[in-house]
Amino acid sequence: MRKSAQLQALVLADGTAEGPVRATNDMLSFWGGYDPASGEVIDRRHSLSGEILTGTIFVMPHGKGSSTGSPVLLDALMQGNAPAAIILSSVDEIIALGSVVAEEFFGTSMPIAVLDPESFTIAQRGARISIEPGGLVSVFNEEEA
Amino acid sequence: MTTLRLSPRDQAMLDGEHGAGTQVAMRILTRIAEIQGAEELLDISHVHVGGSIYTGPGSLSVIEKLVELGAQVSVPTTLNAISVDQQRWKSQEVDPDFAEKALRLAEGFKQLGASPIFSCTPYVFPSTPHRGADIVWAESNAIVYANSVIGARTNRHGDFMDICAAITGRAPKAGLHLADNRRGTFLVELPPLAHLDVSFFTPLGYLVGKHAGDLVPVINGITSAPTTEELKALCASVATSGPVGLVHVVGVTPEAPTLEAALGGREPIRTLTVTTDMLLTTAAGLSTGSGTPDLDLIVLGSPHFTLGDFEELAKLTHGRVRHPRVDLLVTTSRFVLEQATVNGWVEDAERFGVRFSTDTCLCMLSPTLLPAGTQTVMTSSGKFAHYGPGLIRQNVFYGSLEDCIASAVAGTPLTELPAWAESADSVL
């Protein structure tokens, strides 16, 4: 792995995370689109349908659809089936709340961060990402052969 | 970044002077307000809680902790549909362990002081807010309906914000609470069509939601007043396919008396010119099933069936006989079911074989809640057509209510070209 970029994100929920990138341009509704008991994307029209996002750095522009995305994300987090972190390209209250409420009630949270459009595209192309407190995002690419 | 200024009362709540439950609610509220760049909080007059749906032990524990901490709502608060039918879950053979948790969640919200209307259509209840009121509603279809059709002001809130706002009586002054952010920015031009009905507004909403992004859509070209059910279908499907909280319909919704008013006198950022073909393609895409398999189950009422739906269902089922294999389930609120019964719109449907279920809604269906042997499912709901395949792990056919009842008679999914599509040539 080669570190290809270091980016500064706006922090919606703070924390540390590291994992493989799962990137999409498709918005997802966590309720009805993500199974908190397994981490599977269950929106059958979504480009990541059937994939397990547990432990990944999920890079997606924005959420859509149901307001119940917040409890679904909280329940996924509490059951160990949430992504390690979510990186967005604009502020999303519904997604942020899942982590904020988990932190306030259970002291558990996952980083939720927003990148500007150019940085977001770099993050989408990464192979692995690590996030440090304060929103420092490091993007790693595969070594070229 | 802007700084959030708190009123002395907000600060007292944050400092714990109004109890530990109010303190944590205010802490969550202020954290979200800061994320949104709000400079202050504002008073709200009504809350609709979306999060009475059971999603797992974590969110149940959040609500039970708020009860333990002694929190109480401070503004009128209504509850969304819950995950079981309180009166019928035993006869529906719902897993008792699941039912116990779903009922505990509902009970927790009741103890916090919320009104158990158990409906995803709070806007047909008498206590609904008025135009211009600052409110906090969750439940995506209700958010769009409140902003668009009623002209009340709410953001696209996540569940949990609803109850934090209800407890504190406050919300971030941001987003759709501010007049400038309510201005239409995405113009949707419709072709001239007649005979518009729910089967038109459903794919229209889904199409608009897909293209809206973070813009506020303005639909131009509706020439007759839509019914509550048509607006409900529009709001539900636009909220399903996109991150939309408000949609203006020129000549119909209160903030769009004219196109110029809806756009706030400015040019739209983007324009979408809709064709009949685009709407038909969108409607066809709402089905994940194909062919003409044996039909097992028809599900209706997502969002909850309202009075106009009952009236149409009564007409469509009158004097007809369903195929014996086909089961039909309608979800609605107790409030609307009682009115429909008084109006005489339930008997024909029940004779036809329709089962009614209240409190819960189709969104709570899961593989284990389907009748044994169910393989082919059909719906007239754009919302359920979208979410259903993931929720029940089966393909879902989509058709109009008329199609659904014709399919119940035939025993196989049938869809006809809608009257509005046939009108495409004749009205020009």
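These exercises work through a sheet and some aromatic pairs in a predicted model.

Residues count from 1 along each chain, and chains are lettered from A in the order written. Local features need pLDDT of at least 70, side-chain atom pairs 80 or more, and side-chain values use heavy atoms.

**Exercise 1.** Work out the strand order of the open sheet in chain B.

Solution.
- Strands are DSSP runs of at least two E residues; helices are H or I runs of at least four. Two strands pair if DSSP finds at least two bridges between them.
- Strand E2 (residues 47-49) of chain B pairs with E3(B) in the parallel sense, over 3 bridges. In E3(B), Thr78(B) is the bridge partner of His48(B).
- E3 (77-79) and E4 (136-137) of chain B are the edge strands, each pairing on one side only.
- The order is therefore E3-E2-E4.

**Exercise 2.** Classify the ring pair Phe30(A) and Phe58(A).

Solution.
- Rings of Phe, Tyr and Trp (its six-membered ring) pair if their centres lie within 6.5 Å; planes under 30 degrees apart are stacked, over 60 edge-to-face, the rest tilted.
- Here the centres are 6.3 Å apart and the planes at 75°: edge-to-face.
- Phe30(A) sits in the loop between strands E3 and E4 of chain A, Phe58(A) in strand E4, 28 residues apart.
- Buried means under 20% relative accessible area, exposed over 50%, partly exposed in between (1.4 Å probe, protein chains only). Phe30(A), at 3%, is buried. Phe58(A), at 0%, is buried.

**Exercise 3.** Classify the ring pair Tyr123(B) and Tyr145(B).

Solution.
- The centres lie 3.6 Å apart and the planes at 10°, so the pair is stacked.
- Both residues are buried.
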